[in-house]
Amino acid sequence: RAFTVAQDPRAVSSAAEIAARDSIARVIVSRIDEIHESLIRLRDVKTQVAGYLEKAKEVPTAKQIAEKGKGITTAVDTLDPKLSTKAANGQDVINYRNGINAQYAFLLGNLEGNEVLTQPVRDRFLELEKLWKALQQRITDVEVRQVDEFNALLKAAQLNGVIVPKPKVAM
């Protein structure tokens, strides 16, 4: 049977306002996914580095490998809380600063709680986008430059290198 979908007559939002709100909501959900994927990759890299540090203890360049590996580990440990909130129990969200994933999620809640896309939501979205771009650059530095330098030292010591997982394609 044919039917027509009509807007709630009590709603004051135009179709353009609803589309703008939904568009930003989709971007926010995508950002949260990107952040989580980046976090998983970084944690995987950290685990691999720890394994290679153990394997490289007996090679002549062990000290250089250890220094480079500790640099990667430190970078990941610094990025981790900026990306995600530590939450082992119910009090941790109070005790630790929210990562950017939680900030995007909070913004999404505010966005979906309003009929229209408000200017404060737009402003905060742009702020978070700047923060995310800066964090992405730091993530890329770890995944590309630092891992490549670490892998060069491992290769010289005739060891395999760290494999950075490829980012998943967003749907």
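Helices (H or I, at least four residues) and strands (E, at least two) are DSSP runs, numbered from the N terminus. In these terms Leu 107 sits in helix α4.

The model is predicted, so local features need pLDDT of at least 70 and side-chain atom pairs count only at pLDDT 80 or more, while totals for chains, interfaces and linings use all residues. Residues are numbered from 1 along each chain as its sequence is written, and side-chain values use heavy atoms, with hydrogens and water left out.

## The chain as a whole

The chain has five helices and zero strands. Read from the N terminus, its elements follow the order α-α-α-α-α. The radius of gyration of the chain is 22 Å, whereas a compact globule of 171 residues would have one near 16 Å. This radius is taken over C-alpha atoms, and the globule rule is 2.2 Å times the number of residues to the power 0.38. Along the principal axes, the C-alpha atoms fill a box of roughly 75 × 40 × 30 Å.

Of the 171 residues, 32% are buried. Here buried means under 20% relative accessible area, exposed means over 50%, and partly exposed is in between (1.4 Å probe, protein chains only). The accessible surface of the chain is about 11200 Å², and carbon and sulfur atoms account for 56% of this surface. Such areas come from the Shrake-Rupley method with a 1.4 Å probe; for residues, only the protein chains shown count as cover.

Contact means heavy atoms within 4.5 Å. Among contacts between residues at least 6 apart in sequence, 71% join residues at least 24 apart.

## The nonpolar core

A nonpolar core is a set of buried Ala, Val, Leu, Ile, Met, Phe, Trp, Tyr and Cys residues joined through side-chain atoms within 4.5 Å. The largest such core has 37 residues, and Ile 28, Leu 83 and Tyr 104 have the most contacts inside it. Two or more residues of this core come from each of α1 (15–55), α2 (62–83), α4 (100–112) and α5.

Leaving out residues up to four places away in sequence, Tyr 104 touches Ile 28, Arg 31, Ile 32, Ile 35, Phe 125, Leu 128, Glu 129 and Trp 132. Leu 107 is buried because its relative accessible area is 4%.

Val 49 is in helix α1 and counts as buried because its relative accessibility is 0%. Beyond four places in sequence, Val 49 touches Gly 69, Ile 72, Thr 73, Phe 150 and Val 162. Gln 48 is also placed in helix α1. With a relative accessible area of 19%, Gln 48 is buried. Its contacts, apart from neighbours within four places in sequence, are Gly 161, Val 162 and Ile 163.

Gln 146 belongs to helix α5 and is buried, with a relative accessible area of 11%. Residues up to four places away aside, Gln 146 touches Lys 68, Gly 71, Ile 72, Ala 75 and Asp 141.

## Outside the helices

Ser 84 lies in the loop between α2 and α3 (92–95). Its relative accessibility of 14% is the reason that Ser 84 counts as buried. Neighbours within four places in sequence aside, Ser 84 is in contact with Leu 39, Gly 99 and Asn 101.

Gln 158 lies in the segment after α5 (119–156). Although Gln 158 is not a glycine, it has a positive phi of about 60°. Gln 158 counts as exposed because its relative accessibility is 75%.

## Separations in sequence and in space

The table sets sequence separation beside C-alpha to C-alpha distance for some pairs.

| Pair | Apart in sequence | Apart in space |
|---|---|---|
| Leu 107 and Val 121 | 14 residues | 6.9 Å |
| Ser 84 and Ile 100 | 16 residues | 6.3 Å |
| Val 49 and Arg 26 | 23 residues | 35 Å |
| Gln 146 and Val 59 | 87 residues | 20 Å |
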